[in-house]
Amino acid sequence: MRIVNTAVPKVDAMALVTGKPVYTDDLAPKNCLIVKLLRSPHAFAKICDMDTAVAAQMPGIACVITHRDVPRHRFTMAGQSYPEPSPYDRLILDQIVRYVGDPVAIVAGTTEKEVEKAMREITVSYEVFEPVLDPEKALDHPSVIHPEKDWHVNFDIGSQVERNLCCSGGFESGDTGAEFSASDVIVDEVYHVKANSQAMMETFRTYTYLDHNNRLTIVTSTQIPFHIRQIAARALGIPKQNIRVIKPRIGAGFGAKQTLISELFPAIVTLTTGKPAKIVFDRTESFIGSTSRHEMIIRVKVGADKEGKLLAIHLHTLSNTGAYGEHAPTTVGLSGHKTLPLYNKAKACKFSYQVVYTNTMSAGAFRGYGATQGTFALESAMNELAAKLGMDPLTLRLKNLLAEGEILTAYHGEKLNSCALEACIQKGREMIGWEKKFPCVRISDTKVRAVGAAITMQGSSIPNIDMAAVEVRLQDDAYYTLMIGATDMGTGCDTILAQIAAECLECELDKIIVSGVDTDHSPYDTGSYASSTTFLTGMAVVKACERLKGKIIRAAGLRLKTDPAALAFDGRAIFNDNEKDDEKNRINLDDLAKSLVVGAGHCLSATASHSSPVSPPPFMAGFVEIEMDLETGKTHVIDYVGVVDCGTPINPNLARLQTEGGIVQGIGMALFEDITYGKTGKMMNNSFMQYKIPSRLDLGEIRVAFQSSYEPAGPFGAKSIGEVVINTPAPAIAHAITNACGIHLRTLPMTAENILMKIREKQ
Amino acid sequence: MFGLKEYRVAQSLDQADQLLHEHKNNVILGGLLWMRMGRKNYHTGIDLSQLGLDRILETEEAIEIGCMTRLRQIETSGILDACFGRVLADAVSHIVGVQFRNAATMGGSVFSRFSFSDVVTALLALETHVHLYRGGILPLETFLESSPQRDILVKLSLKKKAWKTSYQSHRMTATDFPVLAAAISCCEDRWRISLGARPSRAKLATKAAALLPKKPDAAQIAAACDQVVEEMSFGGNQRGTREYREILAKVLVKRGVEAVCR
Amino acid sequence: MQISCDINGKAYTRHIEPDLVLIDFLRDLGFLSLKQGCDTTNCGLCTVWVDGTPRLSCAMLAAGIQGRQITTIEGVEKEAAAFGQFLAAQGADQCGFCSPGFIMNVLAMERELTDPSDDQIKHYLAGNLCRCTGYAGQMRAITLYLGARKGELSCE
């Protein structure tokens, strides 16, 4: 491989590092109406009366929109393939407000000051209901969060919405009851993962305008342009063909932008006024008015014989979807289906789940998407089991680990074709110095160092649902444009896909021009989520390039009046495969390309679509060394080792960056990040002052290595890496904390105070 | 962000004082870092940057820190290190970031009497006086106990003595507000123990300090720490409970005293 | 009110409202590299130099820069690109949203500190948050950049 598996810089790197204006708010026209949202102060209430007359007449104000003015079609804001599993439980503005921050009015005007002034003149009277704030009390709570008659699901997801049950379900294999009875050792604990914020650096922002054909154009910071088109059409009640969605450079997403957040507000202002409109969420709004990770309370019961062979696992998840059901039925599924398969050898397993509505901010998609929460629970339980068995926790894993060739019972019966997890564990164990450091080393009277470990898996695209189409065109010189619908959110997928194309077409990387995503021009792609871009869109690129090569050869054949079957293409020229010096049967690609656009030429392009019946899991083993101050409980990560099997890394630098970034987000989740609500349902951690993502002083060394399997279903053997990288830190750190001082923390985040108080309790 | 109708650059302290009292919504503009998070509508903002108040000056008896001195200057000042050890530098070095500390002023940090203030906690462990334009010269302890008046904090003066100091704090993340902050000093055999972010405002634990001899042993340090919790009140907030702060208080004071003794 | 200042070596005189925030003033003038990442002065994305000192442009008034020199990344494009190459070589540019503020602070650090240790570098840059990279790639880029610059300077 020439370009695949090389660490080339991102194609947009120099523009980004010199501060070029390539993001949504840099491109917005100066004459956009400024749009702001008046938000509910109550967690659960009904709007009885609203007076917007004064506000609407104030200087500079273009319109004030309330629930009375919006279309009545319910929809989901979740970016998922149609028919979406998420319930249609939203309106653009609803008379019932379901969380503190739920929008109540949309105000648009010429300047921000004028809009803010007008907002202060809007009066709203509410009938306030008792909010449901505790997910463990949500089921059958007297407050029914979604009483509306037009609440809708596309297919049965096990809902009983009158009980605040958004969805439920499960899976079973073997007889867990019998196997638990036969177990010598059982661990049965409950683990609690709180909601977290994706906290990407670019907040939500969108601008919209009507073009000269009266089509609505939405320019937005998103991961899901095509889903926006679909959802906006439904929500606004206009035909899909009248909507165009453009995605410029975006300042990351991590799943936050796999849901519509800001798009519909300027859109409805533009439709109402005919004018361009723009909304930019400030950081506070991004915290309180978007979607978070699902809070999950997961009970894990695991049984083994005294040799450490796993007999049964039962995992039950209670997930909190908040006020609306975006991504509710899907995230909860991963808490079991992307954790249990690691222990495929267990004789029986059972997974059950319930997802409840509460009057807190809606949960949605965040890197890991349920697997993260499930991994914390299951891996913590496994570490506790190892301790109970008196067994090294890595030995317990190795004894029960899934292996290539197995049919994964809890993973939809998929066959595992690539897995280097055992090698990941061995490599990581060596890198962290496990033998010398496990379980802990006392370094002074007051300080102790300890190690912990965890393993994880994820998936690569959603099988039989995710879809990526690609078009590659030969231009009138020897270079190509690669048209994709996949959305680079900074990860570098534009670069990865260009590398794949350059490899296939045997040309230099700079001969591939990747075009931006515009739903009018780009081929369809479900978008950047579910770790699908490299695996799925990458494969579509491979297919399209193969087709294009065939067309190039055939076009050369016509030109040379030779049978194409005798010709070959090496990226620079098409020539006689049997006689390479045959000058009569040779043409440079450059000359061919130029000739194809003159007269009776034939522009060459090839398209391909790809969907996959399999979702090959990437794997990771995470190892942490912490230092704990036993007098204060303060725990610092001094070293984190992550060893990843993502199949072939298409770009080792970018793969390394994904891993390092995911590890640090995982450390944040484990130790610092916390979304809590006050007694009235107001989010307390609504800024970077209160919600603490790791700064560069909050961690020590991060070391990454790869143990690559080869995945036959992926481009050049690649799987995925985007999500798997966030899952190991929380359980590994919890494990290290136990090893340091003997306590078990089963709720995140694990703060110094929690640690110290538990140590004292134990004493 | 706040609103402002007028922006005036004061050409003298007298003019600044006049402007401040012209309108009840007039305000002295410091680093703006706290102000920008509010939504208040002020009338006139008064800029003191032309008055030479951004300096650290050494006199015979004291070090004078002008109110417009930035926290970053405190962090990098050789004069302060030489006179007071690292207590002031250590107190400010955790605060958000270098850009923030290039803006935040000593005047703003003290005048605001913020309960979470590392700066106030550290200054209280030294003999610090606050120089107010109208209110005169007050010991910092007195200023902190007094009710807020409209005035200009012109400078701080810190008595030059043979100080030995230590700053100790506990935070949830490296650049976050302190969960608890402690500044310990010893000078001429007299100790000062200052605790801030309790979560309430910094205060001296005078009885505990009085228990400490010049070179305390472990038992004496422990007794002083117990006394700290006896005489001071601690509370709970988002960052910690009362019980945890009481535990931390003993640990931080112990470590501070041990560091001073080394 | 009217203010006059120097931005990236060019003189500007403009009529402004007293409460116009510096970042908005600069973005309105076309310096779109400046990003606002938060509301609470925590993230460092909006870092500019005021008379060569790194400051948060979200927490300054345009009115306060009368007669002063402002530098944005547009004004130090060559230097930014020079360091940026090292960042790009690690793949650590990622989404790029924190990059301009981060790079302005790295270049300020280079001017202010001599031969900083890793801890000193981390401490200087602590006020620049990043959510994509986990900071490790940024650190590698800085170490290689400072090493290369030291080599250049010792050759001169």
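In the predicted model, chain A holds an open sheet of four strands. The strand order is β22-β21-β20-β27, and the pairing is mixed. Two strands of chain A form the edges: β22, residues 512–514, and β27, residues 605–610. Each of these edge strands pairs on one side only. From one strand to the next, the twist averages 20°.

Within this sheet of chain A, strand β20 spans residues 468–474 and strand β21 spans residues 480–484. The two strands run antiparallel. Five bridges join them. In general, strands of a sheet pair through backbone hydrogen bonds, in either a parallel or an antiparallel manner.

Chain C was examined at the level of domains. The domain assignment gives two domains in chain C: domain 1 covers residues 2–74, and domain 2 covers residues 77–155. The C-alpha centres of domain 1 and domain 2 of chain C lie 22 Å apart. The two domains touch. Domain 1 of chain C supplies 14 residues to the contact, and domain 2 of chain C supplies 13 residues.

On the side of domain 1 of chain C that touches domain 2 of chain C, strand β3 gives the most. This strand of chain C, residues 47–50, provides three residues.

How values were computed
Residues numbered from 1 in each chain as written. Chains lettered and ligands numbered in written order. Predicted model: local features only at pLDDT ≥ 70, side-chain atom pairs only at ≥ 80, totals over all residues. Pairing = 2+ DSSP bridges. Axes fitted to C-alpha atoms, helices over the stretch in contact; angles between N-to-C directions. Domains from an automatic or database assignment. Contact = placed C-beta atoms within 7 Å.
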